[in-house]
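Please read them with the sequence and coordinates at hand.

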Amino acid sequence: MVPEPALGAAGMAALARPPVAVPITPEIRTRLHLVWRSGGPGGPATQALLESLLR
């Protein structure tokens, strides 16, 4: 599952099976809890994800 704005991201069309938007009703509203080792988040992909989530 990805948020709908991610469907327009560069590279999505290059996937062998591009994702499809499916409406979910009622809208899901929840909190997301993140946990990582005491040394901090790992590689560049993890750091990019965290930056995106914290915006």
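1. Patches, as used here, are made of residues with over 30% relative accessible area and no salt bridge; like charges are joined within 9 Å and nonpolar side chains (Val, Leu, Ile, Met, Phe, Trp, Tyr) within 5 Å. A salt bridge is a side-chain nitrogen of Lys or Arg within 4 Å of a carboxyl oxygen of Asp or Glu. On the surface, a nonpolar patch is formed by Leu32, Leu34, Trp36, Leu49, Leu53 and Leu54, whose accessible area together is about 640 Å². Areas follow the Shrake-Rupley method with a 1.4 Å probe; for residues, only the protein chains shown count as cover.

2. The model is predicted: local features need pLDDT of at least 70 and side-chain atom pairs count only at pLDDT 80 or more, whereas totals for chains, interfaces and linings use all residues. Residues are numbered from 1 along each chain as its sequence is written, and side-chain values use heavy atoms, with hydrogens and water left out.

3. The chain has one helix and zero strands. These are DSSP runs numbered from the N terminus (helices: H or I, at least four residues; strands: E, at least two). Helix 1 covers residues 44-54 and includes Leu53, while Trp36 belongs to the segment before helix 1.

4. Along the principal axes, the C-alpha atoms fill a box of roughly 35 × 30 × 20 Å.

5. Of the 55 residues, 4% count as buried. Buried means under 20% relative accessible area, exposed over 50%, and partly exposed in between (1.4 Å probe, protein chains only). The accessible surface of the chain comes to about 5500 Å², with 60% belonging to carbon and sulfur atoms.

6. Not counting residues up to four places away in sequence, Trp36 touches Pro41 and Leu50 (contact: heavy atoms within 4.5 Å). The C-alpha atoms of Trp36 and Arg17, 19 residues apart along the chain, are separated by 31 Å.

7. Arg29, in the segment before helix 1, is exposed with a relative accessible area of 71%. Its C-alpha atom lies 28 Å from that of Pro44, 15 residues away in sequence.
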